[in-house]
Structures are given as C-alpha cells and as structure tokens.
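Open the model in your viewer and keep the selection tool ready.

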Amino acid sequence: DFLNEEIKLALVSFNSKDFEGKVKVNDGDLASWYDLHKNEYRSEPEIRLKYLFFNVQDDLKKVNPTDDEIKGRYESEKAKYQIPEERHARHILFRVDKTDGQQIREEKKKKADKVLKLVKGGKDFAAAAKEYSEGPTGPNGGDLGFFSRGSMVKPFDDAVFRLQPGEISGVIQSQFGFHIIKLEEVRPARTRSYDEVKGEIAAAMKEQDAKGMAFKRVSKAYEDIIRSGSIEKYGKNSGGIIETPYFAKSSPPASIVSDPKFLQTAFSLKKGELSSIVELKNGYAILFVDDIREPAVPELTAVRARVVVDYKKEKSVDLARNAALALLKEAREKKGLALTATGPDKLKESGYLKRIPSGNQNDVPPQVIRQAFTLSLKKNLPDQPVDVNHTFYVFQLLDRRQGEEKADKSKRRKFKNQLLVLNQNRLLTDWLSYMQSKSDIWTQDQMLKE
C-alpha cells in the first residue's frame, strides 16, 4: 500500500538560466565578487622545456629480420601459439536472483525440469531457448559461441566439458540460476602454423630490435650530455634539441610528444633539472626544465569575460531562488498556487505520481516527489522550494489516493523477501551496536600509520 500510494501536484519551476539575462553587472560589484573568488582563477604553473626525443619509428626501417631468424623465433616460442580446445554451446537459463526465496527457486527448478523433458524428447533446442530462456542469449536461441575452459562459471564450465557434440546436459545450477546446456561443436586444441603467425612475429621482432636501437641512441646522447656539462653545450655539437614555449600541463603545445608519461615527468622536475632517460610508448626522451612560471592570480581585466559569465550564473541562482520564495509566500497567503499571480503557462498540473518514479512522471524530479509525499492535504505546501540543479520548484499537493494497481502473488512474495532482508540487516546492525556498547575498543595509531 505504501508503494502504491499516489499524489497529484500543481507546480511551478524557476530555472536559474532564465534569469541570467536579468542580472545587472556593474564594475564595483564585479570587483568585490572577484576579490572573493579570485583564487578560482589562479593560473596553472607553466614550464619551458628543452628535450630530445628518439622515436622507435625512425629505426623500424633499418630492421628487416630474415626468414631463418623468424623461423627460429617461432620454434623457440612455439608454446605461445597454442590454442586450447574450444567448445560451441547453447543454453536455456531460468534466472534466480540472490533475493529470491526457496519457493521461487523450487518453481524455477520445476520449470527447468519440464523444459528439459521437452528438449530431450526432440523439441528443437534453439526454438526452446527462444521460448523459455530468461538470459540475454535467449532471442538468439541461447547461442554462446565458442569458448575455452575456464571462461564460464565453474558448474557451467564443468558440465560443458563433460558433454559430447549434440548431447544435452541435465539441469545445472549456478549462481545465475538453472541451466540446460547443449554442446554443438568441439574445436580441438591446436598450434597455430608458422604461415599463420609469420607476419606478427616479424612485426614483433622489428619492434623489439628498433626499440633496442633507439635505446642505444638515447643512452649515447645522455652520456654525451653529462660529458658536455649541460644540454645546451650538447646541442651546439650534436643538435636535435627541441625547445618549447611556456605551457601548462592542461594545454601542451601540439609539437610536444603526446604521451601522458612525458608530461608527468616534465612537471615533476624542478627548474634547471635534467631528467633521466624516460621510456615512452613510441620511444625515449631526455627532458630539461629551462624555466618555471609559478601560479599567479590574474588582474580582473585579464579574465573579465570569464568572471562576468560566472558572476551572472551565481547571481541568477539567487534571483531564481528569490522568485520561488516569493511565489511560495504568496501561495501561503492566498491558500493555493492557483490563486497566485503566476501566469497560466508556468503553472502545471502533474498526473498521479508514485513514490518510485515510473515512465509517465519523468518530468517531475524525484527530489520533488520525495518532498511532496511528506505533505498532507491540510499542509499542502512545502516549507521551502526544492532545488534541483539550480531549478527551484514550488508545488502544492492537490490529491492523495491509493493506486488501483494490485499486488499479485509474485509481487507480494518479492515485497516479503525485501522486508525479510531489511529486518535481517536491522537485526545485524542492532547486534553490532550492542556488542560495541559492551566492549572496550581502542585504536593502535602506529599500526594505522604503517
């Protein structure tokens, strides 16, 4: 009865966005507001880099493994190309949830036994899956495709790998419910042939060798920088140094290496600090922080356009809230929303609403519905407007009734199980509270630190 209760509302909403155009901006108020919020506009730290990047792609064209080398790698790593046995199966699922009681489980098991007799008696398995399965593969005839051992939950997995092609299992129970399984086909375990994997082995060998060549280049460059005494002196002799303008971590220049680790390393260094060799997705880098600009609060003139937008957004929320409060006050004085000065286009009347929102009440936010259910026909206006993402709702309870929907046997059983779980949780919580009240409890701070 509690869940089936329904209410009808009259309501008016005030969206803060509709009030942004009504916000007046003057320099004095804007300056005062900015003074309170200026830290929100503080700039990010910016750095200026000098760096070297050694791209693995530059070395790939220098690497070309021979057929003998590729064949040798294949023979030495043959175990890596083994494909385990795979099985193609279908199933019919009779779903059981964790909250379902023993009676529901017994009913599902009886239904599974009944369908098992049908498919064992010759009924097409795919057709039976479409008709009876409660799983997502039901519309596809229960088809699970090919899978290897260990891909499914253990009871299901064990049953599938005991069957012969064309054989149908008994009723198998898993954490998802009851299954009937049919094995369609078996693909024996095999090793992929050399011709199948030659291309990918060659690509992997080229990538590995090119990476090694790039690492030799970056290692030599790093040693030369150390011998030279600085990256600037190295650059005069060897070149290849890339220099950036000042940039923040959130807005790096397009020319920079697009790897998160590159930026992470760059912004972890101090001014004048040289990084070690940094391994990236596509190569290696050496970074030097030439200079750092510390975060600073800009002058209002530099960010005025942003500040005006933010100022209007904040003040429009106040205007919307005040408009809602004024309407609520007027509604109290005139004993109802319908008698206020609100235009007829703003006052809306909902259909009947339930505590748990359904498809036909999506235009009334859940926050409003929850608050409205605390009202009565005698006290039919809320104490305050309800704020939902800066839209303020003023509403009046028009009617309250018991819904016409009746709880069938299945729903009553579901409610009963929910109440049972609720009471079990309450009992456990109360027991824990009692045990705590009778116990001496202390905290070992040193253990927490460790």
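**Before you click.** This is a predicted model, where local features need pLDDT of at least 70, side-chain atom pairs count only at pLDDT 80 or more, and totals for chains, interfaces and linings use all residues. Residues are numbered from 1 along each chain as its sequence is written, and side-chain values use heavy atoms, with hydrogens and water left out.

**Stop 1: the whole chain.** Show the cartoon. The protein chain has 13 helices and 16 strands. These are DSSP runs numbered from the N terminus: helices are H or I with at least four residues, strands are E with at least two. The radius of gyration, taken over C-alpha atoms, is 35 Å, well over the 22 Å that the globule rule gives for 450 residues, so the chain is more spread out than a compact globule. That rule is 2.2 Å times the number of residues to the power 0.38. Along the principal axes, the C-alpha atoms fill a box of roughly 90 × 85 × 60 Å.

**Stop 2: a helix pair.** Select α7 (residues 194–228) and α8 (residues 231–238). They pack at an angle of about 115°, with axes 8 Å apart. Axes are lines fitted to C-alpha atoms, for helices over the stretch in contact; angles run from 0 to 180 degrees between N-to-C directions. Which residues make the contact? From α7 come Ala221, Asp224, Ile225 and Ser228; from α8 come Ile231, Lys233 and Tyr234. Contact means heavy atoms within 4.5 Å.

**Stop 3: the largest pocket.** Select Leu3, Asn4, Glu405, Ala407 and Phe415, which lie nearest its centre among 15 lining residues. A pocket is an open set of points on a 1 Å grid over the protein atoms alone, where a 1.4 Å probe fits, with protein on both sides within 12 Å along at least five of seven lines; lining residues have an atom within 4 Å of a point. Helix α12 (residues 409–437) gives the largest share of the lining, 3 residues.

**Stop 4: the second largest pocket.** Now select Val12, Ser13, Lys346, Lys348 and Tyr393, the lining residues nearest the centre of this pocket. Its lining has 15 residues. β1 gives the most, with 5 residues. Both β1 (5–15) and β13 (348–349) supply at least two.
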